[in-house]
Structures are given as C-alpha cells and as structure tokens.
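Please look through the model below together with its sequence.

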Amino acid sequence: MRGLVVATKVWHDSLGYDDVIESAENSRSRLGIDTIDVLYVHWPCFSYDPEETLPAFDHLRDEGVIQHVGLSNFTPEHLDEAREILDAPIVVNQVEMHPLLQQAELRERCVERDVRLVAYSPLIHGEAFDVPELSAIAEKRGASQAQVCLAWLREKGDAAIPKASDENHLADDLDGVTLVLSPEDIARIDAVEEEKRISKTDWTPW
Ligand SMILES: NC(=O)c1ccc[n+]([C@@H]2O[C@H](COP(=O)([O-])OP(=O)(O)OC[C@H]3O[C@@H](n4cnc5c(N)ncnc54)[C@H](OP(=O)(O)O)[C@@H]3O)[C@@H](O)[C@H]2O)c1
C-alpha cells in the first residue's frame, strides 16, 4: 500500500448489493479519484447481509473501483463469516481499541486471519488523559499521555488513527512516533483493569 491511503466507508443503510456499488461510485466521484485504496463496510448491521454485501465488494475490486476491502466494527464471529464469503483478502478491521478496550480475542483472530487491526478512538476521546497508568509513564518518560497511549498501540502491532483538530495536539501526536515503551511499561498498561467502550448504542453488535 502507498504512504497515503485514501479510505472511505459504506454506511449501514446502503449495504444491499446495488447500494454498495452506487455508494462506491459516488465516493469515487466526490473524491475525484479513479481507485479508492480501501473501502470499508462501516458496521455489520441493519442492511448488512453478508451474502449480498460482500459479493458487491468483490465486484468493485474486480472492476478496479477499489483496491482493497476493509471491514469495520467486525467481531471475531463476523470476521469468520466474512472470510467464508469474500474472495478478496480482508486487509483491515477498524475497531475501537485503546488501553481500556484491549481487544485481546479480536487481535488474536486478526493475526490468525492475516487481517491488520486499525484502532479507532485510540485516545478514548481524550479520556486517555485520566488513566493513571498512562499519566505515571508519561511523567517518567517526559512524554504526553497521548504519546504513551499511541506508543502502546504501536507495540501491539496495530495502526491507530487519532483525531486532532488542534495544531498542537497534531504536533504532539506526530512528535511521539519515536517513543518506544519498555517491556515494564507495556505490561503495566496491559494490566489496566478498567474497561470502557465508547462506540456503544442500541444497534451496535455488543
Ligand atoms: N469506524 C468507526 O466506526 C469509527 C467510530 C468512531 C471513530 N472513528 C474514527 O476514529 C478517529 C479518531 O477517533 P475519535 O475522534 O473518536 O477519538 P480519539 O482520537 O480517541 O480522540 C480525539 C480527541 O483527542 C484529542 N487529542 C488528540 N491528540 C491529542 C494530544 N496530543 N493531546 C491532547 N488531546 C489530544 C482531540 O482534541 P482536538 O480535536 O482538540 O485536537 C480530540 O478531542 C476518527 O478518524 C474517527 O473517524 C471510527
């Protein structure tokens, strides 16, 4: 994959076969590009029907409209089901992941299935700054809590997509890419017992 990856998602009301094709064409036209690098199924719910939705993604890939198929918010069971149906490789599963939602089972399944896990809401919407273990490590290392949190995600082998609208936050996140945590620091974050899931509504699959 290139250094800059153009990715977009199909929303959960447009996952019928024809709707997926139309949605991808609309995205391609709005973005003004020939090929979308990664097109995601945003959520496996509502109009998601694996037997209809996933063949549409295969078709788009065969036609060169998209380069790769991505999934988002897929549980291990959803992932297994999708693998049975799709012809294309599943390059990525984008899910909520951070020190308060460590996704051990899903990470294991992604490794088994050669699927990269992308961590969304990696800073817990800013609540990472209230996790005492992150604060203690940050103080010891002379880093910010955001940098420690993102370094832990890198140690887990996952890509993370923090959002920063403030220029100083963006610089802080980028400056932290060289931070490497010690095995003790990683173990300390691994052992955090508090759990929190941000993306939880009455229609999410958990
Ligand atoms: N696939 C899905 O279903 C799904 C669901 C939710 C989110 N996402 C994606 O995940 C990405 C990010 O997640 P998110 O926005 O939910 O939460 P997040 O990245 O965990 O947190 C964003 C918050 O952290 C702050 N921040 C960032 N860097 C900071 C720093 N160095 N120091 C202090 N504060 C910092 C930002 O502040 P400022 O903005 O003020 O800089 C913002 O308030 C987005 O691209 C979003 O689209 C995907």
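**Backbone, ligand site and cysteines**

I124 lies in the loop between β5 and α5 (132-141); helices (H or I, at least four residues) and strands (E, at least two) are DSSP runs, numbered from the N terminus. The model is predicted, so local features need pLDDT of at least 70 and side-chain atom pairs count only at pLDDT 80 or more, while totals for chains, interfaces and linings use all residues. Residues are numbered from 1 along each chain as its sequence is written, and side-chain values use heavy atoms, with hydrogens and water left out.

The phi of I124 is near 55°, a positive value in a residue other than glycine. Most residues other than glycine have a negative phi. I124 counts as buried, at 0% relative accessibility; buried means under 20% relative accessible area, exposed over 50%, and partly exposed in between (1.4 Å probe, protein chains only). D114 is not a glycine either, and has a positive phi of about 60°. D114 sits in the loop between α4 (104-112) and β5 (116-120). With a relative accessible area of 68%, D114 is exposed.

Next comes the ligand. It is surrounded by 24 residues, of which the closest are L123, S165, H169, D172 and D173; a residue is near a molecule if one of its heavy atoms lies within 4 Å of it. Helix α7 (residues 167-175) gives the most to this shell, with three residues.

Several polar contacts can be followed here, a polar contact being a pair of N or O atoms within 3.5 Å; within protein, one must be able to donate a hydrogen and the other to accept it, and residues adjacent in sequence count only if both atoms are side-chain atoms. An N or O atom in the side chain of Q94 is 3.0 Å from a nitrogen atom of the ligand. A polar backbone atom of D166 is 2.9 Å from an oxygen atom of the ligand. A nitrogen atom of the ligand lies 2.8 Å from a polar side-chain atom of D172. Taken alone, the ligand exposes 930 Å², and the protein buries 77% of that; these accessible areas come from the Shrake-Rupley method with a 1.4 Å probe, and for residues only the protein chains shown count as cover.

The segment after α8 (183-190) contains T204, and T201 is found in the segment after α8 as well. A polar atom of the T204 side chain lies 2.9 Å from the backbone oxygen of T201. T204 counts as buried, at 9% relative accessibility, whereas T201 is partly exposed, with a relative accessible area of 36%. T201 and S72 are 129 residues apart in sequence, and 15 Å apart in space from C-alpha to C-alpha.

What is the count of disulfides? A disulfide is a pair of cysteine sulfur atoms within 2.5 Å, and by this rule the count comes to zero. C45 is in no disulfide, and the nearest cysteine sulfur, that of C110, is 18 Å away. C45 counts as buried, at 12% relative accessibility. For C149, the closest cysteine sulfur is in C110 and is 19 Å from its own, which is too far for a bond. C149 counts as buried, at 0% relative accessibility.
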